[in-house]
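These are my notebook entries on a structure that I had not examined before. I set down each item in the order in which I looked it up.

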Amino acid sequence: MGVIYSDYSRARIGWFFGLSGWQLATVALTFLPIAWAMQQAAWASVALFTLLWAVIVLVTVTPVRGRSAVGWVFASLSFAVGGLAGWTRFRSKASTGEADSLAEPDLPGVLQGVRIHDGPPRGVTFTRAAIIQDHRCRTWALTAAVTHPGIGLAELDQRERLGAGLGELLDLAARTELVDAVVFLVRTVPEDGAERDQWIVRHRRDTGPLVSRQVNDELQANLTRASVRTEAFVTVVVPEGRLGREAKESGGGLDGRARVLYGLADEIEAQLRGGMGMTSVAWLTSPELALACRTGFAPGDRAGIIDALAGRNTNPAADTASQSDPGINPAVNVGINADVPWAMAGPSGADPAVRHYSHDAWNSISSTVKLPVRGAAMGALAPALTPTASGERRSFMVCYPILTASVANRQSATSEWAADIGDELRHRAKVKKRAKASDESEKVRRLDAKLARGNSLTRPYAVVTVTVPKTARVSAFGRDLDASVRRAGFAPLRLDLAQDVAFAASTVPLGVSLTRKAD
């Protein structure tokens, strides 16, 4: 039997019978009119104020699908105002003929503040990794495409080593005192058969047996519909407040920040290859990142891009012309331009709805994954990534926001104090302590011991997304997605009114976070 990981606790524990500070203050202040009416012996006013107080307590204390009623009202009003004013509707500059620079990213929603820089040459191959700058959140990031053999056939001890490797990676990121979050993103994309078609063109002979050709064509047609490809990315996010200080010692500016980020990339890559067993870690260049971004918004465009890449590799005219005259653009007339410009890396149009996100010819639905109380085994989320129908693309993102040592110790002490106060209040009021509250208190007390031993504190969260063509009913695929999450042993929570942000975080590997606030 695999190891069950369940040693996690709530981010905040209410110290007064489960109520947080602001909830207790709201309940106490709204009770004052009742006390005043009782003092004045105005019993009719007491009854009226008591009814109003009960409604306020119900609205304040009871969560509805992860939010309070006040939070739902505020989010609904913001969404409605944004929709009526046209702020949430996106149309790319390229689709309207207003694109001035092809190198300027034109992305919707929370991605509008993203800018991509080419870093200095790196390594023996002198590749220039893409440096992601988010002006909105004042962060910098690097993204790597990774390959992992999987854990489907791994033994128990190997799975334990991989789990320990993830913990060591987070501890390493915390010790750097630079990394703000480590994001893992996996996309299971329907197989389009582009590589297979190119292989057949190169190797099929006209003189071959007709029966063999027919068998191969039928196998290709049937296996392509039933197959999926897996794409995995790792993004390291560093805030400007931490990076700027280190960059001054490396020369400052973009080059100084790139040197610091490259050093972090080497440390993270060593742990990814070692403790976590990654067989390949390749930090993406700007064209590669643009391709990953474009296929995130439009999965069906990958086949055409793969054909263009193959055509460029088999067309020596572009390389010959560029070597003879550096001023000639090899992508014009003499060659094939297989790169995706950043001005076209996003969708031509996007419209967020209440329960789904519409982009180009596709619709997407996102849900967050709630951790089960009884814990989960490594690999339990595999059903959430398994498509249930052909043409369906699923994406899964796990973000590990890393808290600094000072913040972790302060929050651990606060949570432990709240647990002690809550236990004492229950004891004084002679209220029986439930098993759930007891387990949460014990986990909080164990957290202090782990922090003292040098472990890092993180609050991970996960978002899973399904993307289907607009010709399909996206609501039905959303229900299938929720069913897959429940089958894996977790509880799904639809991210209503925030589908565009959830899609960007779980599908596009640019380091978007659901917890980081804009500057």
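Contact, as I use the word in these entries, means heavy atoms within 4.5 Å. I note at the outset that the model is predicted.

**Entry 1. Ser484**

I began with Ser484, which lies in helix α14, residues 474–487. Apart from its neighbours within four places in sequence, I found Ser484 in contact with Pro383, Ala384, Thr388 and Arg394. Its relative accessibility is 1%, so I recorded Ser484 as buried.

**Entry 2. Overall description**

The C-alpha trace spans about 100 × 50 × 50 Å along its principal axes. Of the 519 residues, 40% are buried. I also looked up the contacts with a separation of 6 or more, and 76% of them join residues 24 or more positions apart.

**Entry 3. Nonpolar cores**

Which residues touch the most other members of the largest nonpolar core? I found Leu142, Val182, Phe184, Leu272 and Trp283, in a core of 48 residues. Helix α8, residues 253–274, gives the most to this core, with 8 residues. There is a second, separate core of 38 residues, and I noted Ala130, Leu284, Cys293 and Ala502 among its members.

I followed Trp283 further. Leaving out its neighbours within four places in sequence, I listed its contacts as Arg122, Ala129, Leu142, Thr143, Ala144, Val234, Val236, Ala265, Glu269 and Glu288.

**Entry 4. Helices α4 and α8**

I next examined how α8 packs against helix α4, residues 156–175. The two axes are 9 Å apart and the angle is about 170 degrees. Angles over 145 degrees count as roughly antiparallel, so α4 is roughly antiparallel to α8. On the α4 side, I recorded Gly165, Glu168, Leu169 and Leu172; on the α8 side, Glu267, Ile268, Gln271 and Leu272. By class, the residues of this contact are 4 nonpolar, 2 polar and 2 charged.

**Entry 5. Helices α7 and α8**

How do the axes of α7 and α8 cross? Helix α7, residues 240–248, comes within 9 Å of α8, axis to axis, and the crossing is at roughly 105 degrees.

From α7, I noted Glu240, Leu243, Gly244, Glu246 and Ala247, which meet Gly256, Arg257, Val260 and Leu261 of α8. The residues of this contact comprise 4 nonpolar, 2 polar and 3 charged.

I also asked which residues of α7 are buried. They are Glu240, Arg242, Leu243, Gly244 and Ala247. Among the elements that cover them are β5 (139–147), β7 (228–239) and α8.

I moved to strand β5, where Ala141 lies. Ala141 is buried, with a relative accessible area of 3%. Beyond its neighbours within four places in sequence, I found Ala141 in contact with Ala130, Ile131, Ile132, Thr235, Val236 and Val237.

I compared the position of Ala141 with that of Phe126: the two are 15 residues apart in sequence, and their C-alpha atoms are 19 Å apart in space. Phe126 sits in the loop between β3 (114–118) and β4 (130–134). I recorded Phe126 as exposed, with a relative accessible area of 59%. Its phi is near 55 degrees, a positive value in a residue other than glycine.

**Entry 6. Asp360**

I found a positive phi, near 55 degrees, at Asp360 as well, again in a residue other than glycine. Asp360 belongs to the loop between β10 (357–359) and β11 (362–370). Is Asp360 buried or exposed? With a relative accessible area of 19%, Asp360 is buried, since the cut-off is under 20%.

**Entry 7. Cysteines**

Last, I searched for disulfides and found 0. A disulfide is a covalent bond between the sulfur atoms of two cysteines. For Cys293, the closest cysteine sulfur is in Cys137, 16 Å away, which is too far for a bond. For Cys399, the closest cysteine sulfur is also in Cys137, at 11 Å, and this too is too far for a bond. I recorded Cys293 as buried, at 1% relative accessibility. Cys399 likewise counts as buried, at 1%.

Conventions
Residues are numbered from 1 along each chain as its sequence is written. This is a predicted model: local features need pLDDT of at least 70, side-chain atom pairs count only at pLDDT 80 or more; totals for chains, interfaces and linings use all residues. Side-chain values use heavy atoms; hydrogens and water are left out. A nonpolar core is a set of buried Ala, Val, Leu, Ile, Met, Phe, Trp, Tyr and Cys residues joined through side-chain atoms within 4.5 Å. Buried means under 20% relative accessible area, exposed over 50%, partly exposed in between (1.4 Å probe, protein chains only). Helices (H or I, at least four residues) and strands (E, at least two) are DSSP runs, numbered from the N terminus. Axes are lines fitted to C-alpha atoms, for helices over the stretch in contact, and angles run from 0 to 180 degrees between N-to-C directions. Ala, Val, Leu, Ile, Met, Phe, Trp, Tyr, Cys and Pro count as nonpolar, Asp, Glu, Lys and Arg as charged, and the others, Gly among them, as polar. A disulfide is a pair of cysteine sulfur atoms within 2.5 Å. Angles under 35 degrees count as roughly parallel, over 145 as roughly antiparallel, 65 to 115 as roughly perpendicular and the rest as oblique.
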